[in-house]
Amino acid sequence: MKNSRHEAILEIIAEQPVTTQEQMIELLTERGYKATQATLSRDVQHLNLVKKRDEKGIYRYTLPAAAVMEKSLFEEAVVSVDRAMNIVVLKCRPGMAQGTCVAIDSVNHDGVVGTIAGDDTIFIVVRSEADAKKIVKKFKTELFPGR
């Protein structure tokens, strides 16, 4: 439920300006999600959302610049995502792994112990297999949903 609520929050902020948590709760309710203000505060913190002024001067919830950079790099650089036990393996276009790895490091992903990049491959060591499964799912669904 939490993951689908997080996905809904990301969809909502991509579709329209959301300026308050009360507004977000209303929009989530319209989509069938019930959330208290305390739950939403935890969601905002977990998703690393920030309030930023848009082109119209309105402060709205958005992803931090690092997350946006990570997503755009993924769309361009990453060819495949897989895992082996507690290691997530990203295959990238030649020469793009190191820059993509820096973007990954700039975003706080739960369970990540460390990363290392070569020319076209990134290894992400995570604490457990369960964490690796979550990260693979996140990368596959949130960062390049069409694949």
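**A strand residue and its surroundings**

Author: Thr 121 has its place in strand β6. The model is a predicted one, and what follows is computed from its atoms.

Is Thr 121 buried or exposed? Its relative accessible area is 16%. Buried means under 20%, so Thr 121 counts as buried. Leaving aside residues up to four places away in sequence, the contacts of Thr 121 are Val 89, Leu 90, Lys 91, Ala 97 and Ile 116. One of these, Lys 91, is 30 residues from Thr 121 in sequence, yet the two C-alpha atoms are 4.7 Å apart in space.

The strand around Thr 121 belongs to a sheet. Strand β6 covers residues 121-126 and is joined to β5 by 5 bridges, with the two strands running antiparallel. Within this pair, Val 112 stands opposite Val 126 of β6. The whole sheet is open and has 4 strands in the order β3-β4-β6-β5, paired in antiparallel fashion. Its edges are β3 (78-84) and β5 (112-117), each of which pairs on one side only. On average, neighbouring strands of the sheet are turned by 15° against each other, direction ignored.

A helix packs on this sheet. Helix α5, residues 97-105, touches β3, β4 (87-92), β5 and β6, and its direction makes about 165° with that of β5. Which residues of α5 are buried? They are Ala 97, Thr 100, Cys 101, Ala 103 and Ile 104. Viewed down the axis of α5, these buried residues fall within an arc of 160°, so they line one face of the helix. Gln 98 and Val 102 are exposed on the other side of α5.

In soluble globular proteins, nonpolar side chains tend to be buried together. The largest nonpolar core here has 17 residues, and the members that touch the most others are Ile 9, Ile 13, Val 18, Met 24, Leu 28, Leu 40 and Leu 49. Helices α1 (2-15), α2 (21-30) and α3 (37-46) are the elements that give two or more residues to this core. The largest share, 5 residues, is that of α1. Apart from this core lies another, of 16 residues, and Val 78, Val 81, Ala 97 and Ile 122 are among them.

Not counting residues up to four places away in sequence, Ile 9 touches Met 24, Leu 28, Leu 40, Asp 43, Leu 47 and Leu 49. Asp 43 in that list leads on to the charged pairs.

Side chains of opposite charge can pair when their charged atoms come close. How many salt bridges does the structure hold? There are 4 salt bridges in it. In one of them the side chains of Arg 5 and Asp 43 meet, at 2.6 Å from N to O. Arg 5 lies in helix α1 and Asp 43 in helix α3, so this pair ties together parts that are 38 residues apart in sequence. Both partners are buried: Arg 5 has a relative accessible area of 10%, and Asp 43 has one of 2%.

Another salt bridge joins Arg 31 to Glu 11, with 3.0 Å between the closest N and O atoms. Because Arg 31 lies in the loop between α2 and α3 and Glu 11 in helix α1, the pair ties together parts 20 residues apart in sequence. Arg 31 is partly exposed, with a relative accessible area of 34%, and Glu 11 is partly exposed as well, with 40%. Arg 31 also meets the side chain of Glu 15 in a salt bridge, at 2.5 Å from N to O. Glu 15 lies in helix α1, so here the loop between α2 and α3 is tied to a part 16 residues away in sequence. Glu 15 counts as exposed, at 53% relative accessibility. Glu 11, Glu 15 and Arg 31 are therefore linked in a network of salt bridges.

How values were computed
Residues numbered from 1 in each chain as written. Predicted model: local features only at pLDDT ≥ 70, side-chain atom pairs only at ≥ 80, totals over all residues. Heavy atoms only, no water. Core = buried A, V, L, I, M, F, W, Y, C linked by side-chain atoms within 4.5 Å. Buried < 20%, exposed > 50% of the residue type's maximum accessible area, 1.4 Å probe, protein only. Contact = heavy atoms within 4.5 Å. Pairing = 2+ DSSP bridges. Axes fitted to C-alpha atoms, helices over the stretch in contact; angles between N-to-C directions. Arc of directions from axis to C-beta.
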